[in-house]
Amino acid sequence: MTRVLDVSGIDAAYGSVTVLRGLSLHMNAGENIGLFGPNGHGKTTLLRVISGLMRPRAGQVRFQGEDITGARPSVIVSKGLVQSQQGNTLFGDMAVAETLEMAAFTKPARAVAQASLAQVYDLFPRLAERGPQKAKTLSGGERQMLSIGAALMCAPRLLLLDEPTLGLSPKLKEELAVALKDISARVPVVVVEQDVELLLSLADRLYLIEHGEVVREIAQDNAPDHQEIMQMYFGEGAH
Ligand SMILES: Nc1ncnc2c1ncn2[C@@H]1O[C@H](COP(=O)(O)OP(=O)(O)OP(=O)(O)O)[C@@H](O)[C@H]1O
C-alpha cells in the first residue's frame, strides 16, 4: 500500500550548522505519528523540510507516493499537505475570521471553505466568538487554535502540527487536547509534542529524534512506561 509519507535520508543545515543527519521515517495509511525529543534537535526543521519551507541538502520526501522534495510550499499545500505553524507566526493585524477565510486559498480548499469554517468554529467555539478580533490581541492558547484552524481551512489530507500545546495553561491544554483528538481521528496527523502522554493519545507510533536522527521508534500498543520514556527523553537518572 502507498505510504502517506516517506522521508528518507534527509540532511539539512542552516549555513554550516548541520541539523538533520540522514533522517528517515514513514507514515502508513490510516495511522498518525508523533515526534518527540530534546529541544533544538531538529523536529521543527524536519517539519519545515516536509512542508517545503526548507530545502534539504540530501534525501527525499514522498507524499502519497509522489516526490515533493524541494517543491514550493504553496504547491505542497495545494496537494493537501499542510503545516500548522506555532501560533506566534500569524499576521497580527488580521482579524480571526479574515485569517481563516484567507487560509482557504487553494482551489480544493475554496470549494469546501464554508464547511471547513463551520467545522473550525465547532471545534474552537472561542474563535467563533472572536471573529472581528485582531490575531495579535489573542491569548497564546487562542493563537494556537487560530493557527490550527487556519491549517484546517486548507482542506488538509495530512496535517503537520508543531507543538500545539506549547506554553499553555493546564486548562487550555486540556481543551486543546480534546480538539486535537477529534482532528486526529478525521485527518492524518504528524504531531511534534513534548507531552509524551498526549502524543501517545494522538499517535499510533512515535519517533524519538536526537541530534537530527531517529534514535528510537515506539509503537503505541507496545509503549514503555512513563518513567522509561522520561529516561529516554532526559537521559539516565530522570524521574
Ligand atoms: N533559521 C535558523 N537559522 C539558524 N539556525 C537555526 C534556525 N532555525 C533553527 N536553527 C537551529 O537548528 C537546530 C534545530 O532546531 P529545531 O527548531 O529544528 O529543533 P526542535 O527539535 O524543533 O526544537 P524545539 O523543540 O526547541 O522547537 C537548533 O540548534 C536551532 O538553533
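In which helix does Ile76 have its place? Ile76 belongs to helix H2, residues 73-78, where helices are DSSP runs of H or I with at least four residues and strands are runs of E with at least two, numbered from the N terminus. The model is predicted, so local features need pLDDT of at least 70 and side-chain atom pairs count only at pLDDT 80 or more, while totals for chains, interfaces and linings use all residues. Residues are numbered from 1 along each chain as its sequence is written.

Ile76 counts as buried because it has 21 C-beta neighbours inside 10 Å; buried means 20 or more other C-beta atoms within 10 Å of a residue's own, exposed 12 or fewer, with C-beta atoms placed from the backbone. Leaving aside residues up to four places away in sequence, Ile76 touches Ser51, Gly52, Ile68, Ala71 and Leu81, contact meaning C-beta atoms within 7 Å.

Turning to helix H8, residues 170-186, its 17 residues reach 25 Å from first C-alpha to last, close to the expected 24 Å, which is 1.5 Å times one less than the number of residues. Leu176, Leu180 and Ile183 are the buried residues of H8. Seen down the axis of H8, these fall within an arc of 60°, so they line one face of the helix; the arc is that of the directions from the helix axis to the C-beta atoms. Helix H7, strand S8 and helix H9 are among what covers them. On the other side of H8, exposed residues include Pro170, Lys171 and Glu174.

Note on methods:
Contact = placed C-beta atoms within 7 Å.
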